Amino acid sequence: MDTAVIRSQAEVVEEAGGTGTDGGPLPVVDPRSVAPRDARELSRQFFQRLTELEEGTHEYQYARNTLIEMNMSLVRFAAGRFRGRGDDMEDIVQTGMIGLIKAIDRFELSREVEFTSFALPYIVGEIKRFFRDTTWAVHVPRRLQELRVELAKAREELASRLDREPTVAELATLMNISESEVVEGQIASNGYNSSSLDAALTGDGPESGEAVLADFIGVEEEGLRLVEDFHALAPLMAELSERDRRIIHMRFVEEATQAEIGEELGCSQMHVSRLIKRIITRLREGMLGELGCA
């Protein structure tokens with residue numbers, strides 16, 4: 001927007017009976033045509049009127065929306081610093097717009113600072129939070145996300161100073177934290193990047209051929225479930241009476257029939273069936289808790 005355009009806007013304001021800074025109507029502005037160097041002065045006028053207008057009115061929304069559109073160049077400037085991070089620039093700009101809106105809502109002319117100086121930290125901070133919260137392959141607590149950054153700085157500093165990879169103890173001393181916290185941060189760093197199970201892995205030898213990462217991932221061993229069940233069942237079996245344990249052993253270890261068990265115990269096959277059902281129900285309820293009662 002050149003000087004002639006600004007002058008024509010001022011004339012429109014004066015004809016309407018006021019200026020943008022003394023309670024009169026605001027200039028009619030096409031925000032997209034305002035150059036960054038001209039947006040500074042016009043923004044001051046609009047901020048002044050925001051303090052005089054009632055929030056929620058049409059005039060207030062016009063002033064606020066115009067400020068947002070006039071200062072979008074700040075967002076594009078800040079977003080350019082993050083080009084090449086692998087994310088869509090449109091997403092970065094949209095995130096920066098959130099910071100710009102926050103800055104507009106919190107800016108006060110009484111601070112006597114330029115709006116650009118006030119707004120850029122908001123915009124850059126919002127974009128940094130975007131990368132911090134969305135670029136991790138696995139979500140980890142924010143404390144560990146920040147610890148990863150500090151660890152990287154400490155490792156780089158010590159590596160250049162010692163000409164080797166620093167130890168956990170050395171990192172802990174430099175960062176003034178415990179060694180367990182350093183290890184926790186290192187483990188959490190593994191969640192920043194991930195690899196596809198279909199990623200190709202090429203062997204060292206010519207006969208090795210090509211494999212995918214999924215070929216090297218173990219499968220769940222069914223025997224592990226049995227181990228868990230045995231550990232859960234053992235204390236419940238210990239609570240049974242000697243006769244009940246004998247019945248379970250004969251039926252499921254010796255694989256005796258109900259008739260054979262009845263003959264051994266001196267009772268009918270029907271009674272043995274009821275005893276086995278009662279014992280199994282008790283064990284099931286003990287292992288499954290409330291689920292076993294369903």
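Is F107 buried or exposed at 10% relative accessibility? I looked it up, and F107 counts as buried (buried is under 20% relative accessible area, exposed over 50%, partly exposed in between, with a 1.4 Å probe and protein chains only).

**Ground rules.** I'm working on a predicted model, where local features need pLDDT of at least 70 and side-chain atom pairs count only at pLDDT 80 or more, while totals for chains, interfaces and linings use all residues. Residues are numbered from 1 along each chain as its sequence is written, and side-chain values use heavy atoms, with hydrogens and water left out.

**Overview.** I got 14 helices and 2 strands for the chain (DSSP runs numbered from the N terminus: H or I of at least four residues for helices, E of at least two for strands). Of the 294 residues, 30% count as buried. I also checked contacts (heavy atoms within 4.5 Å): among those between residues at least 6 apart in sequence, 49% join residues at least 24 apart.

**Rings.** I searched the whole structure and found 6 aromatic pairs (ring centres of Phe, Tyr or Trp, the last by its six-membered ring, within 6.5 Å; planes under 30 degrees apart are stacked, over 60 edge-to-face, the rest tilted). F47 and F107 make a tilted pair, 4.7 Å centre to centre with 55° between the planes. F47 sits in helix α2 (residues 36-52) and F107 in the loop between α5 (89-106) and α6 (115-134), so this pair ties together parts 60 residues apart in sequence. F47 is buried too, at 4% relative accessible area.

Next I took F118 and Y122: their centres are 5.1 Å apart and their planes at 40°, so this pair is tilted. They are 4 residues apart in helix α6, about one helical turn. F118 counts as buried at 12% relative accessibility, whereas Y122, at 24%, counts as partly exposed. Ring pairs link F47, F107, F115, F118 and Y122 into a cluster.

**Helix packing.** I then looked at α11 (residues 242-252) and α13 (residues 269-288), which pack at about 100° with axes 10 Å apart (axes are lines fitted to C-alpha atoms, for helices over the stretch in contact, and angles run from 0 to 180 degrees between N-to-C directions). The two are therefore roughly perpendicular (65 to 115 degrees; under 35 is roughly parallel, over 145 roughly antiparallel, the rest oblique). The contact uses R243, D244, I247, I248, R251 and F252 of α11, and L275, I276, R278, I279 and I280 of α13.

**Last check.** I found R251 over the face of F252, 5.8 Å from the ring centre (the cut-offs put NZ of Lys or CZ of Arg within 6 Å of the centre and within 35 degrees of the ring normal).
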